[in-house]
Amino acid sequence: MIRNTEKTLSEVMNILKDRGYTEDFNLLEVKKSYIKNGKPVDINDLVIDKVYRFSGSNDVGDEAILYAMHNSKDGAKGVFVN
């Protein structure tokens, strides 16, 4: 379910951080996996919990989608911004 919100991207990211979404899954844009605590994290282990859509009022370039996700293997929570 995609949620449209009146809050800004940074406000929602701060709320999610307070809820334990502290990992930066944007690192996965570079590779399909990355190393955390000496172990590889695979993109296939990530589960999307919530999706937030932000629209710019005047510029399509201001649009963003924020994914709140968790790792099914170790429970780590994080975000990915597109």
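In which strand does Asn71 lie? In this predicted model, Asn71 lies in strand β6. Asn71 is buried, with a relative accessible area of 4%. This value falls under the 20% limit, so Asn71 counts as buried. Leaving out residues up to four places away in sequence, Asn71 touches Val41, Asp45, Leu46 and Ala76.

The largest nonpolar core has 9 residues. Its members are Val12, Leu16, Tyr21, Tyr52, Phe54, Ala64, Leu66, Ala68 and Val79. Two or more of these residues come from each of α1 (9-18), β5 (46-54) and β6 (64-71). The most, 3 residues, come from β6. In soluble globular proteins, nonpolar side chains tend to be buried together.

Leu66, a member of the largest core, has contacts beyond its neighbours within four places in sequence. These partners include Leu9, Val12, Met13 and Leu16. Lys50, Val51, Tyr52 and Phe54 are also in contact with Leu66. Val79, Phe80 and Val81 complete the list.

The structure holds 1 aromatic pair. The ring centres of Tyr67 and Phe80 are 6.1 Å apart, and the ring planes meet at 50°. The pair is therefore tilted, since stacked planes would be under 30 degrees apart and edge-to-face planes over 60. Tyr67 is in strand β6, and Phe80 is in strand β7 (residues 77-81). The two residues are 13 residues apart, and their pairing links distant parts of the chain. Tyr67 and Phe80 are both buried.

Note on methods. Residues numbered from 1 in each chain as written. Predicted model: local features only at pLDDT ≥ 70, side-chain atom pairs only at ≥ 80, totals over all residues. Heavy atoms only, no water. Core = buried A, V, L, I, M, F, W, Y, C linked by side-chain atoms within 4.5 Å. Buried < 20%, exposed > 50% of the residue type's maximum accessible area, 1.4 Å probe, protein only. Helix = DSSP H or I, 4+ residues; strand = E, 2+ residues; numbered from the N terminus. Contact = heavy atoms within 4.5 Å. Phe/Tyr/Trp six-rings, centres within 6.5 Å; stacked < 30°, edge-to-face > 60°.
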